[in-house]
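Subject: Handover of a structure

Dear colleague,

Please find below the structure that I am handing over to you. My notes on what was found in it follow directly after.

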Amino acid sequence: MTAYSIRDASLFHFARDGYEGASLRAIADEVGIKKPSIYAHFSGKEDLFMHTLEYAFDEVRRHTLEYFRDHAHLPLEQRLRGLLTWFEQEYQDHASARLMLRNCYYPPPDLYSPVMDLVYPFLDGMERALSRLLQRAIREGDIPPIPAEQAAIAFMTFLDGITVEIIYGSSRRYKRRLAASWPVFWNGIHSLNEKARFIVPEGD
């Protein structure tokens, strides 16, 4: 049980202070153990951080699936736009979302490769799920025929661009950019068709 308690405490500290700023002593104090006791469960700060970050990605993935499940009754546009509003609130409410998002943009330099090994599969999974969602919407006649993979990539690019404001800006700036950009994005999606599709490069 202590390993989970350590992870939960470290989630808050790493999300608030970053990898470099978080203190193992402060984490241990919050759990109510001595700092050396952490090493009975984790080999060191790096090991604890990577376990905690992996847990954060799993939590965000689970919450995102729950969002789409709970909003399956809404039209596609409302679900996709609502996801952007929901994600900003998720960032404010949950340390797991804060830790995940911040490390997507600036991972610890010494841990860049292992962190990216978590980031890219997460983003690729989101892209595939969005592509399936769009394909289903096309089959059901909710949206006109469009290249679903291209539209999914475009949405992820839109999400990537706007979420910078969550970290570096403010909630007000985020909402302002979302309100201004979404109609342009959605109208652009509807202008896609198989005759005028762009070439989507193969993945890495």
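Which helices each supply at least two residues of the lining of the second largest pocket? They are helix 3 and helix 6. Please note that this is a predicted model.

The second largest pocket

The second largest pocket holds about 380 Å³ of space. Its lining is made up of 15 residues, and helix 6 gives the most to that lining, with eight residues. Lying nearest the centre of this pocket are Leu65, Phe68, Ala129, Leu130 and Arg132.

Overall architecture

The protein has eight helices and zero strands, so that its elements, read from the N terminus, run α-α-α-α-α-α-α-α. Taken along the principal axes, the box filled by the C-alpha atoms is roughly 65 × 35 × 30 Å. The protein has 204 residues, and 42% of them count as buried. Among contacts with a separation of 6 or more, 66% are accounted for by residues 24 or more positions apart.

Helix 4 covers residues 76–93. Its 18 residues, at 1.5 Å a residue, should span 26 Å, and the end C-alpha atoms are 25 Å apart, which agrees. The buried residues of this helix are Leu76, Arg79, Leu80, Leu83, Leu84, Trp86, Phe87, Glu88, Glu90 and Tyr91.

Aromatic pairs

The structure holds 14 aromatic pairs. In one of them, the ring centres of Tyr19 and Phe49 are 5.0 Å apart and the planes stand at 65°; because this angle is over 60 degrees, the pair is edge-to-face. This pair links distant parts of the chain, with Tyr19 in helix 1 (residues 2–21) and Phe49 in helix 3, 30 residues apart. Both Tyr19 and Phe49 are buried.

Tyr67 and Trp86 form a further aromatic pair, which is tilted, with 5.3 Å from centre to centre and 35° between the planes. Here too distant parts of the chain are linked: Tyr67 belongs to helix 3 and Trp86 to helix 4, 19 residues apart. Tyr67 has a relative accessible area of 4%, and it is therefore buried, the limit being under 20%.

Ring pairs also link Phe155, Phe158, Trp182, Phe185 and Trp186 into a cluster.

Charged groups over rings

Tyr19 is also involved in an arrangement of another kind: the charged end of Lys45 sits over the ring of Tyr19, 5.1 Å from its centre. Arg7, in turn, lies over the face of Tyr55, at 3.6 Å from the ring centre.

What does His63 touch, not counting residues up to four places away in sequence? His63 touches Trp86, Glu90 and His94. His63 is found in helix 3. Its relative accessible area is 11%, and His63 is buried. Of the residues that His63 touches, Trp86 and Glu90 are among the buried residues of helix 4.

Phe155, a member of the ring cluster, is found in helix 7. Its relative accessibility is 2%, so Phe155 counts as buried. Not counting residues up to four places away in sequence, Phe155 touches Leu80, Leu83, Leu84, Leu130, Trp182 and Phe185. Leu80, Leu83 and Leu84 are among the buried residues of helix 4, while Leu130 is one of the residues nearest the centre of the second largest pocket. Phe155 and Tyr19 are 136 residues apart in sequence, and their C-alpha atoms are 30 Å apart in space.

Where is Ile38 found? Ile38 is found in the loop between helix 2 (24–31) and helix 3. Its relative accessibility is 0%, so Ile38 counts as buried. Leaving aside residues up to four places away in sequence, Ile38 touches Ile6, Leu24, Ile27, Ala28, Ile33 and Leu48. Ile38 and Arg25 are 13 residues apart in sequence and 9.3 Å apart in space, C-alpha to C-alpha.

With kind regards

Definitions and conventions. Residues numbered from 1 in each chain as written. Predicted model: local features only at pLDDT ≥ 70, side-chain atom pairs only at ≥ 80, totals over all residues. Heavy atoms only, no water. Helix = DSSP H or I, 4+ residues; strand = E, 2+ residues; numbered from the N terminus. Expected span 1.5 Å × (residues − 1). Buried < 20%, exposed > 50% of the residue type's maximum accessible area, 1.4 Å probe, protein only. Phe/Tyr/Trp six-rings, centres within 6.5 Å; stacked < 30°, edge-to-face > 60°. Lys NZ or Arg CZ within 6 Å of the ring centre and 35° of its normal. 1 Å grid on protein atoms, 1.4 Å probe; cavity = no way out; pocket = protein on both sides within 12 Å on 5 of 7 lines; lining within 4 Å. Points joined across faces, edges and corners; volume = space filled by probe spheres on them. Contact = heavy atoms within 4.5 Å.
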